[in-house]
Amino acid sequence: MTTIPSMIPSPQQTKNSIDMRPIYIPNYIPNPYYVRIFDTTLRDGEQSPGAAMTSQEKLDIARQLAKLGVDVIEAGFPCSSQDEFKAVKMIAEEVGNDVDDNGYVPVIVGIARCNQKDIETAWEAVKHAMRPKISTFIATSPIHMEHKLGKSKEEVLQIACKMVKFARNLGCHDIQFVPEDATRSERDFLYQILGEVIKAGVTTVAIPDTVGITMPWEYGRLIADIKANTPGIENVVLSSHCHNDLGLAVANTLEGVRAGARQLEVTINGIGERAGNASLEEIVMALKCKRYDQFDGLYTGINTQHILKTSKMVEKYTGMYLQPHKALVGANAFVHESGIHQDGWLKHKATYEIILPESIGIKRSKGDGYVLGKLSGRAALRKRLEELGFQLKDDEINRVFFNFKALGDKKKRVTDEDLRTLVSNEVTHIEPIWKLGDLQVISGTLGLPSTTIRLINMNGSTHVACSIGQGSVDSALKAVNFIVKELMQEPIKLVEYSVTTIKNGIDGIVTTYVVICRENSNYESTSTLSQENVHPTFSGTAAGTDVVVSSVEAYIAALNKMLGSKE
């Protein structure tokens, strides 16, 4: 095995130089400040219930993991099925031989239990990679040895050493040994079995908190004790593998690296068995943010600008959708709603953001970074209105803000369309031009729904129209449109329609909310609307026990605002 040199760079030397990925040596990392990232998304991550992927999906993710720059890709469990074997082999042959301009190519790992069939199959799957590796495991805790394996410590020790030698005889010279349930294993036995497999030829030993039971200080102490008491530990790379059953996988992994682990086993989005594994994005960015004041200059080779893209790919392929507040990659991770926070953030981003979202691949445009809701203040409202092209005076802002807060109490988020409507409503103060007289709807399964409606104009004249539609509400609104278009040459476009509240069962009050605009205004959604083409929209709200009647009344309320306004 490679002997560690005595001359090593200091943290300050590392800080002042370009962070380079050191050459890959299986049992030794030439730069002691470099931390290998071992990604097990395709193996441990896929063990999440419902997260199974096809061979092609696994290959796509492996390609993306290589772009991300992970040092090691655990591609799967080749012995588990023919499709899994095929996927691991494809990854080994393609991704495992795709060397970039800097000489980087990921190590490709196949996992195997400590038996000949598993190890032979794993080797067949990965051996065509430029840097193939086998990770083999056997349980070492009393509860696992007694109830799962039915074997003594002596038998487990013998099997582990025999299988490591078997793997080396196949031609594999990069072998990781994993004492399953290490954190519940007897310390002396753990030191013993690790020492023996090191003598047998392993290059890496991983210390798994298999059931996620350990506290961070306990896990850090375990890594330190293994370094101090295991014969030959200085001749291998020590790896951390933590599960999240108590929500401590990331904390435990960081304590592991502080105690001397130099390979960290993680998954994208923290997916994995039961409650998941340590999250790659959280580990990598924690090391990056606190590199010098907490981690003595440690660094990784991860290209962080690929984090978001990788996260989204894994989310899509596994169907395991992220909670909005997921650190770094959740929908809310870089979004602010509190008025106090928004005010500070608008003045200086660093007041409430510890990293630049662009550093993990998030591309923000105007209006991104904060959302408007009931907790937002005037500063954020004014800023967003300016971004939408509105220049309002202070008294106008105050009036819009009052209605904005009222709307925020009813909706989780106030959209750009809502803001345009609030502004349009603010400049519209008129007497109703149209009122609902009578309304009759015929609906059922024997034909298209039809509506007969009578509207009363502000001058007292009445107008009647009939229409059919795809539903009761559709036919009623079309009847209104027929009268208005015929008499006032005002074609109308429905922008938004929602039934916002239904309470107290089937006889409860229905609150209907509609937004309309002139049909010739070429209204577009927020995502495509430019600031130079802002067109007014008008809202109306009505409540009642009949959803069709309340819909028509809300529509007429919006219509009266539109007819009484000036573009």
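**Exercise 1. Locate Val-547 and state which surface feature includes Val-547.**

*Solution.* Step 1: Val-547 lies in helix H17, residues 547–563; helices (H or I, at least four residues) and strands (E, at least two) are DSSP runs, numbered from the N terminus. The model is predicted: local features need pLDDT of at least 70 and side-chain atom pairs count only at pLDDT 80 or more, while totals for chains, interfaces and linings use all residues. Residues are numbered from 1 along each chain as its sequence is written, and side-chain values use heavy atoms, with hydrogens and water left out.

Step 1: Val-547 has 33% relative accessibility and therefore counts as partly exposed. The classes are buried (under 20% relative accessible area), exposed (over 50%) and partly exposed in between, with a 1.4 Å probe and protein chains only.

Step 2: Together with Leu-494, Tyr-497 and Val-499, Val-547 forms a nonpolar surface patch of about 280 Å² accessible area. Patches are made of residues with over 30% relative accessible area and no salt bridge; like charges are joined within 9 Å, and nonpolar side chains (Val, Leu, Ile, Met, Phe, Trp, Tyr) within 5 Å. Accessible areas come from the Shrake-Rupley method with a 1.4 Å probe, and for residues only the protein chains shown count as cover.

Step 3: Strand E12 (residues 492–502) supplies the largest share of the patch, three residues.

**Exercise 2. Determine whether Leu-563 is buried or exposed, and list the residues that Leu-563 touches.**

*Solution.* Step 1: Leu-563 also lies in helix H17. Its relative accessible area is 16%, so Leu-563 is buried.

Step 1: Apart from residues up to four places away in sequence, Leu-563 touches Ile-433, Trp-434, Met-488, Glu-490 and Arg-518, where contact means heavy atoms within 4.5 Å.

Step 2: Arg-518 is 45 residues from Leu-563 in sequence, with a C-alpha to C-alpha distance of 9.4 Å.

**Exercise 3. Describe the covering and pairing of strand E13.**

*Solution.* Step 1: Strand E13 spans residues 510–518, and nine of its nine residues are buried.

Step 1: Strand E14 (residues 538–544) pairs with E13 in the antiparallel sense over seven bridges; two strands pair if DSSP finds at least two bridges between them.

Step 2: Val-515 has Ser-539 in E14 as its bridge partner.

**Exercise 4. Identify the most connected members of the largest nonpolar core, and trace the contacts of Phe-177.**

*Solution.* Step 1: A nonpolar core is a set of buried Ala, Val, Leu, Ile, Met, Phe, Trp, Tyr and Cys residues joined through side-chain atoms within 4.5 Å. In soluble globular proteins, nonpolar side chains tend to be buried together.

Step 1: The largest core has 96 residues, of which Val-70, Phe-177, Ile-193, Val-202, Ile-207 and Ile-226 touch the most other members.

Step 2: Neighbours within four places in sequence aside, the contacts of Phe-177 include Cys-114, Ile-138, Ala-160, Ile-193, Val-202 and Ala-206.

Step 3: A second, separate core holds 26 residues, including Leu-455, Val-480, Ala-542 and Val-552.

**Exercise 5. Characterise the protein chain as a whole.**

*Solution.* Step 1: The chain contains 17 helices and 14 strands, and 51% of its 567 residues are buried.

Step 1: Of the contacts with a separation of 6 or more, 67% involve residues 24 or more positions apart.

Step 2: The chain exposes about 26300 Å², of which carbon and sulfur atoms supply 52%.

Conventions: Salt bridge = Lys/Arg side-chain N within 4 Å of Asp/Glu carboxyl O.
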